[in-house]
Amino acid sequence: MCEFFPVSCNELKNESFENADFLLKLDSHGLFPAPGENTEDFRARLLKEYAFAEKISAQSERITLWESADGKDKLEVGNSDRIDNELFAPAWEMTQKMYGFAVDYVPGFYLFDKVGLLWGGCSLYDDETEMKVFLLRPAFKNKKRFLIYDRTELIAHELCHCARQVLHDHAIEEFFAYQTSRSILRRYIGNCFIRETDAMLFLLPSILLLIAQLIKNFLFSSLPIFPFWLFLAIIMLYFLVRNQRSRNMIAKARKNLQSISSNPEAVLFRSTLAEIKIIGKSFDGYFNALSPMRKIIISKYLR
């Protein structure tokens with residue numbers, strides 16, 4: 001059995017996913033089926049995840065996490081750079097309390113190469129190989145904080161991504177991850193940026209405003225600045241409104257779950273925004289549409 005994986009390869013190959021105990025054991029480690037995923041698809045995905053974990057455990061000094069098809073680019077870490085479980089433990093406890101799982105099978109390493117000045121850490125995953133790995137800034141080895149980052153919050157945040165990425169639900173992906181933050185502001189605005197292009201969309205009016213201000217000060221004093229401020233305000237309002245709409249859907253679904261669920265957050269975490277919208281209208285409509293595997297898992301969190 002691979003030391004990093006919660007169940008053996010033999011169990012994954014032969015165990016029935018109608019076995020509630022087995023399914024719930026996987027779920028407790030953040031391994032749950034996605035909407036539309038049948039038993040064989042789920043089994044195949046888990047076997048890929050097991051194979052990656054086994055590959056990592058088999059390598060000794062230098063561990064290759066990722067390598068391009070032509071072999072020219074690769075991401076490597078040293079086996080001695082592995083993050084101790086003691087650092088993960090508080091994050092496991094946090095996600096267990098909030099969402100009912102602890103992703104304790106994903107290997108974590110300190111990344112010494114190609115680290116940006118403001119980078120704290122991240123999780124990496126690949127849908128093709130089912131690679132999942134957590135990378136952390138070396139400064140966290142002996143420190144609980146780095147700049148605005150708290151070590152436990154950062155690890156819990158990224159492990160939420162490791163568990164939930166199978167849903168491919170970018171619209172509220174950051175919402176759940178940011179709920180691990182102690183900051184009320186980060187919990188609220190964390191889901192404002194949900195796509196890679198969002199950061200650029202936010203920076204564009206800011207850069208234009210800066211350029212316009214420089215032109216006004218040094219070249220063309222009559223240049224009106226108000227339109228640039230208005231453009232920036234519109235973009236910011238767009239992000240805030242989009243974020244609030246998602247939050248409203250989640251709040252409505254949470255309200256419907258409170259009387260029937262022992263852990264509404266766990267149910268919401270395992271659902272897409274489209275499903276959460278249905279929960280807000282009718283829990284029965286949501287539950288009846290679930291696959292047998294997902295019904296077993298969601299039932300765990302019902303009263």
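The axes of helix α8 (residues 196-218) and helix α9 (residues 226-257) come within 8 Å of each other and cross at roughly 160°. That makes α8 roughly antiparallel to α9 (the term covers angles over 145 degrees). This is a predicted model, where local features need pLDDT of at least 70, side-chain atom pairs count only at pLDDT 80 or more, and totals for chains, interfaces and linings use all residues. Residues are numbered from 1 along each chain as its sequence is written, and side-chain values use heavy atoms, with hydrogens and water left out.

**The helix pair**

- Axes are lines fitted to C-alpha atoms, for helices over the stretch in contact, with angles running from 0 to 180 degrees between N-to-C directions.
- Helices are DSSP runs of H or I with at least four residues, and strands are E runs of at least two, numbered from the N terminus.
- On the α8 side, D198, L201, F202, P205, S206, L208, L209 and A212 meet F228, W229, F231, L232, I235, M236, Y238, F239 and R242 of α9 (contact means heavy atoms within 4.5 Å).
- By class, this contact of α8 with α9 has 14 nonpolar, one polar and two charged residues.

- Six bridges join β4 and strand β5 (residues 131-136) in the antiparallel sense, and L124 stands opposite V133 in β5.

How values were computed:
Angles under 35 degrees count as roughly parallel, over 145 as roughly antiparallel, 65 to 115 as roughly perpendicular and the rest as oblique. Ala, Val, Leu, Ile, Met, Phe, Trp, Tyr, Cys and Pro count as nonpolar, Asp, Glu, Lys and Arg as charged, and the others, Gly among them, as polar. Two strands pair if DSSP finds at least two bridges between them.
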